[in-house]
Amino acid sequence: MVGKFVIGALVFVLVLVGTTYAQQVEVPREKAGKVVHQANHPSAQPVVEVRPQTVAVASTLNLSAPKLSIEQMRQAGALAAQKVKEENHDIETDSDTSDVAALKPKKQISANAVRPLDRQSHQSEPPPPAQSISFSSQTAFTRLADGFDLPVGKPDGRGYYKARGVRAHGHLGEDWDGVGGGDTDLGDPVYCIGDGVVVFARDCHQGWGNVIIVRHAYREGGSVRNVDSLYGHLQKILVHRGQAVRRGQQIAAIGNAHGLYDAHLHLEIRKNIAIGMSRDKFAQDFSNYYDPSDFIVSHRHLQSSGASYRVAMNTFTYDSRIHWDKLRNYSHARSGGGSSESAYALKKALASQSSSAH
């Protein structure tokens, strides 16, 4: 009997506990706020626990806000502040840096990055097609020289003699005269010493008269080099600036600088292609000039494929300041031609020709 009573009591207790647990589990979420309001009641202690999920759902569904304790509100506020700080991390980091770092302009960086691309695009533009005569304002095309000859009595100066030679800081070229002396060679042909392109051709007045400068490109020592040949005191000019000329082609006639000298040809060969007619701006020695005869003799035969080569045209920077047409001539001051040096050279040339004839 007692055993039945004990068993019945245990069953009653289990049923009561099960019913209570079922009531806690089956409480709908929409009534969670009501349960929280009963948190101060002793019998509702098991339901007092307020889970963040329950609060978030209540807020989302616009239900009545649950009444939180001061400690819970403090914790919720700390969590919210931490979340805001994490979301704004990048902004806070920028504000913590120095003023100089915060003011770095992004546009300036992108502009600097574009400049090399702009330069590269200009450099990659294809060059103009190679032509034997036509030229741009900056460059022209010329055949690589296959060698050089004397400019008179081609190719070896027959019938002419070198009246004066090169002297550093003095006479920077060679004077070539006909063996007849005086003006007997006036109007004789002047030949281009090698393939090239005319970069200067005009009347310079003063002591120069008509002048032609030809730019040559030639291969030597595995590289391409440039020299300028100058022809001065001409009676007439037969070519124009930008014209391609060939070795042995007549480009002018021997003159006397508008009557200033006895007729002869003044020839220079320049290493420095920036000189032009402004010789006083450059060192007047062999750092800028070749001895013409020595250069021609050592470059009579050169390797050349006949291909065209690009050369610069506008290299005479100082010449742009000269007003050629305003310069006067000195034809009234005819020198009578020659010197003791040229007279000796003429006598030597005549003696050489006489001995070779016998």
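## Strand pairing

Two strands count as paired here if DSSP finds at least two bridges between them. Keep in mind that this is a predicted model. With that in hand, look at Pro189, which sits across from Ala253 of strand 10. Tyr191 faces Gln250, again in strand 10. Altogether, strand 4 and strand 10 (residues 250-253) share three bridges and pair in the antiparallel sense.

On to strand 8, which is joined to strand 10 by two bridges, also antiparallel. Here Lys236 stands opposite Ala253. Put together, that's an open sheet of three strands in the order 4-10-8, with antiparallel pairing. Strand 4 (189-191) and strand 8 (236-237) are the edges: each has a single partner strand, so one side of each is left without a neighbour in the sheet.

## Nonpolar cores

What are the residues with the most contacts inside the largest nonpolar core? They are Ile212, Tyr231 and Ile251, in a core of 28 residues. Strand 6, strand 7, strand 10, strand 11 (265-270) and helix 9 (292-298) each put in at least two residues. A separate core holds 16 residues, including Leu144, Val197, Met277 and Phe316. As general background, nonpolar side chains in soluble globular proteins tend to be buried together.

Leaving aside residues up to four places away in sequence, Ile251 touches Val190, Tyr191, Cys192, Ile212, Val214, Tyr231, Ile237, Leu238, Val239 and Val245. Two names on that list, Ile212 and Tyr231, are also among the residues with the most contacts inside the 28-residue core.

## Salt bridges

The structure holds 12 salt bridges. One of them brings the side chains of Lys162 and Glu174 together at 3.5 Å, N to O. Lys162 lies in strand 2 (residues 160-164) and Glu174 in strand 3 (residues 174-178), so the pair ties together parts that are 12 residues apart in sequence. Are the two partners buried or exposed? Lys162 counts as partly exposed because its relative accessibility is 32%, while Glu174, at 0%, counts as buried.

Asp228 and Arg215 also meet in a salt bridge, at 2.8 Å from N to O. This pair links distant parts of the chain, with Asp228 in strand 7 (residues 223-234) and Arg215 in strand 6 (residues 210-220), 13 residues apart. Both Asp228 and Arg215 are buried. Glu268 and Arg270 form another salt bridge, with their closest N and O atoms 2.7 Å apart, and both of these residues are buried too. There's a network as well: salt bridges link Asp146, Asp149, Asp156, Arg247 and Arg300.

Most residues other than glycine have a negative phi, and most peptide bonds are trans. Where does the chain have a cis peptide bond? Between Lys154 and Pro155, with omega at about 0°. Pro155 belongs to helix 8 (residues 153-157).

Then there are the positive phi angles. Gln206 isn't a glycine, yet its phi is about 50°. Gln206 is found in the loop between strand 5 (196-203) and strand 6, and it counts as partly exposed because its relative accessibility is 30%. Ala257 has a positive phi of about 60°, again without being a glycine. Its place is the loop between strand 10 and strand 11. With 0% relative accessibility, Ala257 counts as buried.

How values were computed:
Residues are numbered from 1 along each chain as its sequence is written. This is a predicted model: local features need pLDDT of at least 70, side-chain atom pairs count only at pLDDT 80 or more; totals for chains, interfaces and linings use all residues. Side-chain values use heavy atoms; hydrogens and water are left out. Helices (H or I, at least four residues) and strands (E, at least two) are DSSP runs, numbered from the N terminus. A salt bridge is a side-chain nitrogen of Lys or Arg within 4 Å of a carboxyl oxygen of Asp or Glu. Buried means under 20% relative accessible area, exposed over 50%, partly exposed in between (1.4 Å probe, protein chains only). A nonpolar core is a set of buried Ala, Val, Leu, Ile, Met, Phe, Trp, Tyr and Cys residues joined through side-chain atoms within 4.5 Å. Contact means heavy atoms within 4.5 Å.
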